[in-house]
Amino acid sequence: MTTEIIGASQELAAVALRGVTRKFGDVEAVRGIDLMLRPGEIVAFLGPNGAGKTTTIDMILGLAVPTTGSVEVFGLTPRQAIARGLVSAVMQTGGLLKDLSVRETVEYTASLFADTQPVGVVLEQAGITGIARRKVAKCSGGEQQRLRFAMALLSDPALLLLDEPTTGMDVEGRRSFWSSIRKDSQGGRTVLFATHYLEEADQYADRIVLVSQGRVVADGTAAEVRALASGRTIQATLPDARSDGRLDEIGRLAGVESVEVRGDHLRIRAADSDAVARHLLRHTDARDLEITAQGLEEAFLDLTGQHDTNTGNGVTR
Amino acid sequence: MSTMIDPATRRVPPRGGFNATVLRIELRRMLRNRRTIIFTLVFPAAMFLAIGGTVDWTVDAGHGNVGAYIMVAMALYGAALTAASGGAMVAMERSVGWSRQLRLTPLSPTVYIIMKALLALVLGAIAIAVVNIVGVIQGRPSMPVGVWIACALLTLLCTLVFAALGVFVGYIVPGENAMQILGPGLALLAFLGNVFIPLTEGSMIYHVAELTPMFGVAEVSRSPLTGDLNWVGVVNTVVWLAIFVAGAAWRMSKDTARV
């Protein structure tokens, strides 16, 4: 994982977070994040709600100040970088005036920068030339999102931050949004996007930074993050699973991480899935056995510590 | 599209982002709002013509006549409404996250407030001009040109009280509802402020009215005409300005969690 960072020391990091924490009263939203982004990387900031993603993005944008630690964007403070049009962001919701037209919104924003791309070009890039005269209030959620995207592209930013950018988009909208981001970043733009859609992180990011409870818990390619949470899941149908201490027996097997029961359905996570399968087939009435490797979702739940909260009426070790 | 973006080539905009494009778009935005036009431009002029029918225009009042007196009052009412709706818009823009969006641009927050204040003054001036032009066309108000100009300028200055009120109310009553409250609210204050109909001096209601926010600015704005500026009016204006600015600042500071 650290190989990602070594190369960054030779050139100016797009984003450098060093020992960043952020407290809101007694609540520690961010508990110490170190993160270097190299120019040109597309990075997913993945984590459950409340993991500290938005707070971290706010600090990179200078909308929040870290309680301790430092934030640098291309060697500048966030505010200096924004004043030079180096950073822009597409926010989840809001941020638009309903009584302006699409074109007016882009013109207004463009007028605030020293240098921008022509308004017409940006409208074209975001695919909203056809609705340029429409009032923002009359635009659909997807159209408003493309407008935010157009505003973010105006200054030709070197770093683009996207906070849950595809929330509320349909599958097609999501796909076309990402294809334009991809196409766009070939010019060397760094993209950091917060998401809780695993498939989105998996499909579109070069690198996944997994955060949980205000800390980075994994950092690497999708394959690397998946490999971090090793082990397999064994599922089977086992009538009367709860009787005769059967669960305890299974739980005592070497390498078993957790055992869940829902009715007749048994779900076991273990490092040595073969041993568990052998035991189930020899010593119990288990049937419909199914063994699966960890998906990214499993790794995600595993590394963010959400597994334990999700076991229903099961038994967990 | 650039091959590799070089941060060193990037410039900061001059004057903190202050520019004419924003002023033009904002002005157009306010002027195409039908409610703004009716309540701030048409209504005060109509009130001026309507109230005029019930009193004797030509009776002397200070350095001019009653027609001039009513015209100054209606201009104040119109300008107060524009300023209040402009103030309420600042709060509305924060509530929909537009201010946050602007924080992602080089625009400095101070320049934002300066541009908003400038717009409030421009719109206030338009509202005052409309009533005055209607007055000129109708031909009944009469006062020396110097007094006429002095009244108009003082009225414009006084509208800042209501810009602050607008921001304050805009924060307490979120979204578009702020104007629903400010409209009737300001009408009531105008009655109490001796703006629509003259209250009997020394009466019970007059003593209450003296304490309300529009009473002071009304006294101040027509002082060049009446030639009489008493301390009650001045104190009233200053105190209410302080209260509204403090209230607006208080609500704004409560709202900084996610600017």
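A polar contact is a pair of N or O atoms within 3.5 Å; within protein, one must be able to donate a hydrogen and the other to accept it, and residues adjacent in sequence count only if both atoms are side-chain atoms. The model shown here is predicted, with local features needing pLDDT of at least 70 and side-chain atom pairs pLDDT 80 or more, while totals for chains, interfaces and linings use all residues. Residues are numbered from 1 along each chain as its sequence is written, chains are lettered from A and ligands numbered from 1 in the order in which they are written, and side-chain values use heavy atoms, without hydrogens and water.

**View 1. Interface of chain A and chain B.** Across this interface, 15 residue pairs are in polar contact, both residues being at pLDDT 80 or more. Helix H2 (53–60), helix H3 (78–83), strand E5 (87–90) and helix H4 (102–110) of chain A each supply at least two residues of the side that touches chain B; helices (H or I, at least four residues) and strands (E, at least two) are DSSP runs, numbered from the N terminus. H4(A) gives the most to this side, with five residues. By class, the side of chain A that touches chain B holds 20 nonpolar, 13 polar and eleven charged residues. Here Ala, Val, Leu, Ile, Met, Phe, Trp, Tyr, Cys and Pro count as nonpolar, Asp, Glu, Lys and Arg as charged, and the others, Gly among them, as polar.

View 2. In total, 44 residues of chain A are in contact (heavy atoms within 4.5 Å) with 34 residues of chain B. The area buried between the two chains is about 3700 Å², of which carbon and sulfur atoms give 57%; buried area is the accessible area (1.4 Å probe) that two parts lose on being put together, summed over both. Five salt bridges are counted between chain A and chain B, each being a side-chain nitrogen of Lys or Arg within 4 Å of a carboxyl oxygen of Asp or Glu. In one salt bridge, the side chains of B:Arg32 and A:Glu104 meet at 2.7 Å, N to O.

**View 3. Six-stranded open sheet of chain A.** The strand order is E5-E6-E7-E3-E8-E9, with mixed pairing; two strands pair if DSSP finds at least two bridges between them. E5(A) and strand E9 (215–220) of chain A stand at the edges, each with a single partner strand, so one side of each is left without a neighbour in the sheet. The twist averages 20° from one strand to the next. Strands E3 (residues 42–46) and E7 (residues 190–195) of chain A run parallel and are joined by five bridges, and A:Ile42 has A:Val191 in E7(A) as its bridge partner.

View 4. Helix H6 (residues 141–153) of chain A touches E5 and strand E6 (159–163) of chain A, and its direction makes about 180° with that of E5(A). Axes are lines fitted to C-alpha atoms, for helices over the stretch in contact, and angles run from 0 to 180 degrees between N-to-C directions. Helix H7 (residues 171–185) of chain A touches E3, E6 and E7 of chain A, its direction making about 165° with that of E6(A).

**View 5. Four-stranded open sheet of chain A.** The strands follow the order E11-E12-E10-E13 with antiparallel pairing. Strands E11 (256–262) and E13 (287–293) of chain A are at the edges with a single partner strand each, so one side of each has no neighbour in the sheet. E11(A) and strand E12 (residues 265–270) of chain A pair over six bridges, and A:Glu260 stands opposite A:Arg267 in E12(A).
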